[in-house]
Amino acid sequence: MVQLDWLSEKLVELIASMEKTDYLDIDGRQLRLLLTIHESGSLTQAAQRLDMNQSTVSYWLDQLRRKFDDPLFTRAGAGVVATARAEQLIPQARDLLKALNTLVEPDTYVPEEDQGVLRIAGNALERDLFIEPLFRLVRQVAPGLSVQVVRTGSGFQVVEDLQQGRTDLAFFHTDLSSADGIRRRVLLKTRYRVFHDPDMQSPPHDLESYCRCQHAWVSLGPDTHSVIDAKLQSLGRDRRVVLSAADFDTLAALVRNTDIVVTLPEVFCQSSFREFSSVELPWKPPAVSWAVLWHARQHNAARHRYWRQRISALSATDASVG
């Protein structure tokens, strides 16, 4: 947008002295013709350089003369020389053509030259599984790039932050691809298990003992939905949640050395709950997947695409856990 605004301003300057002419009537080919005639000093040589017949060159030059209300070039021996007005226009025309060429160049990304900020949303698990190895890679291939990590919060917050451009990428465990403009790529799949401190609690072995346990969970926001409680409700049962925490590290610290159990995806054994034991749920547990999420407006950006590909490569060996 800044580049387009600059081009518009330069075009307005270029035709500031023209009357009853829309600056959009001047295109890049006419500017190139102006420069080529100036550089070659001859309409014939300009036609040869541009692979055009001389009558077309003359026609376009007449169009420019009318638009600028100036002859632009006058005869001098066998060639032509620029008028004072043309000499004034030449530097501006050259800058405009250079800017137009840059405008249509393919989007490329050189990580070694990146001095920007990569904004990532993730919690404790995502930090251990995805963000930490990604940050190490950033330090290696893009030393000038800064990484900003924020908590994801609820699914609603994840979507809103991506839509509003507050984050570039988010790691999350719920399928939010149905949200407006949200894209995703699954990085791993796992299943739920029951975590417990082996020194304090015998693991539940059936539905009755599971429901008798005291439970804890992480609440990521007001719209948090528990598939565990939904399943229990379908079975006509419920559980007693005695502890709720805002993040998984805090939950693990508080549950340690207690008889409280926590039902989480198995992959947490690689993160906050690595010191805990775990057993299977007393029913067939639902599968859960983790994905990297982004907004559609970033989908084709070379920089964004580069880091999504690096994330996928880093996660390839851990595509399925449990």
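Biologist: With which residue does the side chain of aspartate 168 make a polar contact?

Modeller: In this predicted model, aspartate 168 lies in the loop between helix H7 (155-163) and strand S5 (169-172), where helices (H or I, at least four residues) and strands (E, at least two) are DSSP runs numbered from the N terminus. A polar contact is a pair of N or O atoms within 3.5 Å, of which, within protein, one must be able to donate a hydrogen and the other to accept it, while residues adjacent in sequence count only if both atoms are side-chain atoms. At 3.2 Å, the side chain that meets aspartate 168 in this way belongs to glutamine 298.

Biologist: Does aspartate 168 count as buried or exposed?

Modeller: Leaving aside neighbours within four places in sequence, aspartate 168 is in contact (heavy atoms within 4.5 Å) with several residues, including Val117, Arg119, Leu162, Trp294, Arg303 and His304. The scale sets buried under 20% relative accessible area, exposed over 50% and partly exposed in between, with a 1.4 Å probe and protein chains only. Because its relative accessibility is 4%, aspartate 168 counts as buried.

Biologist: Over which residues is the pLDDT below 50?

Modeller: Residues are numbered from 1 along each chain as its sequence is written, and side-chain values use heavy atoms, with hydrogens and water left out. As the model is predicted, local features need pLDDT of at least 70 and side-chain atom pairs count only at pLDDT 80 or more, although totals for chains, interfaces and linings use all residues. The protein averages a pLDDT (the predictor's confidence in each residue, from 0 to 100) of 85, and 87% of the residues score at least 70. The stretch with pLDDT below 50, which has 14 contacts in the model beyond near neighbours in sequence, covers residues 317-322.

Biologist: Does serine 271 count as buried or exposed?

Modeller: Serine 271 is placed in the loop between strand S9 (261-265) and strand S10 (277-280). Beyond residues up to four places away in sequence, serine 271 touches Ala124, Leu125, Arg127 and Asp128. Since its relative accessibility is 0%, serine 271 counts as buried.

Biologist: What span does helix H11 reach from its first C-alpha to its last?

Modeller: Helix H11 (residues 302-315) has 14 residues, and its buried residues are Ala302, His304, Tyr306, Trp307, Arg308, Ile311 and Ser315. What covers those buried residues includes strand S3 (117-121), H6, S5, strand S6 (182-196) and strand S11 (287-295). The expected span of a helix is 1.5 Å times one less than its number of residues, and H11 is close to the 20 Å so expected, reaching 20 Å.

Biologist: How far is the sulfur of cysteine 211 from the closest cysteine sulfur?

Modeller: The structure holds zero disulfides, a disulfide being a pair of cysteine sulfur atoms within 2.5 Å. Cysteine 211 counts as buried at 13% relative accessibility, whereas cysteine 269 is partly exposed, with a relative accessible area of 35%. The closest sulfur to that of cysteine 211 is in cysteine 213, too far for a bond at 8.8 Å.

Biologist: What value is phi of asparagine 257 near?

Modeller: Most residues other than glycine have a negative phi. Aspartate 69, in the loop between helix H4 (54-68) and strand S1 (73-76), has a positive phi near 55° and counts as exposed at 69% relative accessibility. Asparagine 257, in the loop between helix H10 (248-255) and S9, is also exposed, with a relative accessible area of 55%. Its phi is positive too, near 70°.
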